[in-house]
Amino acid sequence: MGKPTGFMEYNRVDGPVIGEEKRIDNFCEFHGMLSLEERKKQAARCMNCGVPFCQAGAMIAGMASGCPLHNLVPELNDLVFQGCLDKAYRRLSITHSFPEFTSRVCPALCEAACTAGLHGESVTTKENEKSVIEYAYENGLVKEEIPQIRTGKKVAVVGSGPAGLAAAQLLNRRGHLVTVYERNDRIGGLLRYGIPNMKLEKSVIDRRIKLMEEAGITFITGVNVCGSKKKGSDAPGLIADKVKSISADELKKEYDAVILCCGASNPRDIKAPGREAEGIYYAVDFLGRVTKELLDTDFKMLDELKKLKDGKAESVSGSMIGKVYGKDVIVIGGGDTGNDCVGTSIRLGCKSVTQLEMMPKAPDSRLASNPWPEWPRIGKTDYGQEEAIYKFGHDPRIYQTTVKEFVYDDDKHLKEVVIQSLEPKRDEKTGRMMMVPVEGTEKTLPAQLVLIAAGFLGSESYVTEGFGVEVDGRTNVKTEAGHYATSDEKVYTAGDMHRGQSLVVWAISEGRNAAREVDEALMGFTNL
């Protein structure tokens, strides 16, 4: 422990953030980093606890407490405090596949379980990790391991999100020949097309993929495993201009093992009258198409968007980006994806944005029933809501509310939504608390664009049925508890497809664990 009194001497200081006025004009990342000297002070606040909950990754009261990857957080913070960033990177890379992703998009489970946060403010572990991994890239320390000997075993990974990438990374290091199949036109899964550029710039993904390719991993895009050759016929989230298809039988014949990492890609719908109106999209489809349009035009689409003020933007006509400008936007869903839709809509020049949340507003501080080190069930105002407050003068969220009806004009274009308040009531039969409509609370809001960010229902059936694997009651691929082998002896699964909609850090953990299980099955033992 480098500084026993550090947590008493230094207050928590977060990295600089670009203000709302400047950042809403672009899709660039807006979180900066402290200088090394300031970062060392923040790392000095780590208490090196006797029982470091930050790295436990244990489930407490149904929620994760600490890092699921079991990063050795006190050791890492101590090395940062000492200024030994080379050693800090080596320490971090033992347990973590992609710190550059989680240090940008993870909600920091480690910090929520930090002992310093019990009576004060937690250590800036997430930002410490970002400083370490960015230092490592800048100084050429990040290198994918190229195996000296190949085993001759071939593994197919279906899906290139964080779970698929993590599994591919470890299996390639072991010496297996790994091919990653992705149905979209670019690698990254939800990292690419589910998380907006201002949270995770896509160059961050590209630099890692380049290293993985150089180490021997093969990436194949535009292939919809078990899907139809017709674009979008059975994959509503498909983002590719040309799509090929390959069957489960073909993969199982060619490869010694197949790992399904296709995500919980089946979006939850809002079944209300008028749902057939034009102008209603699933949030992830919306975010993905916006990102594709930006990438395809090298972000020049934003310059064209600015011409809309003069009515001279033919290039955005018919695009997803062009559908937002000047529109009243309703976002259904109060989670991270809903917040991303708010921030994206503001950047694309919406006229107004409203975010509907079914549940009551969370408390501002922990309740007695939610003690540390449980995950804190408290309210937060995220970047999108901050930007809406700046732009429109008020918080965009309306709590305990749902859509009762979508209203459209004679051409079936959406023009309004009828919303209705909800109240919690306990179901007499099941005992579960339900949110039920309150009669007489209906209100009508203008809306020409609705984005449904109501979560996901599980895996897509065309994949699970194509492979013939068993699923559970939530349509997640079924395995024995703590394992990743499916009902088909050649097929494994990891990530959201296995555990349901979750976090990037959990997906990475699942991918690494699945790789170990596959390796042991192929080789009789594993050294991963």
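**Reading a helix pair and a sheet**

Guide: Let's start with two helices: the axes of α9 (residues 162–174) and α11 (residues 202–214) come within 11 Å and cross at roughly 30 degrees. Axes are lines fitted to C-alpha atoms, for helices over the stretch in contact, with angles from 0 to 180 degrees between N-to-C directions. Helices (H or I, at least four residues) and strands (E, at least two) are DSSP runs, numbered from the N terminus. This is a predicted model, where local features need pLDDT of at least 70, side-chain atom pairs count only at pLDDT 80 or more, and totals for chains, interfaces and linings use all residues. Residues are numbered from 1 along each chain as its sequence is written, and side-chain values use heavy atoms, leaving out hydrogens and water.

Visitor: Which residues in α9 meet α11?

Guide: In general, two packed helices are described by the angle between their axes and the distance between the axes. Here L165, A168 and Q169 of α9 meet R208, I209 and M212 of α11; contact means heavy atoms within 4.5 Å.

Visitor: What is the order of the strands in the open sheet?

Guide: Strands of a sheet pair through backbone hydrogen bonds, either parallel or antiparallel. This open sheet has 5 strands in the order β5-β4-β3-β8-β18, with parallel pairing; two strands pair if DSSP finds at least two bridges between them. At the edges, β5 (218–221) and β18 (491–493) each pair on one side only.

Visitor: How many bridges join β3 to β4?

Guide: Strand β3 (residues 154–158) is joined to β4 (residues 177–182) by 5 bridges, and V157 stands opposite V180 in β4. Helix α9 lies across β3, β4, β5 and β8 (257–260), at about 165 degrees to β4.
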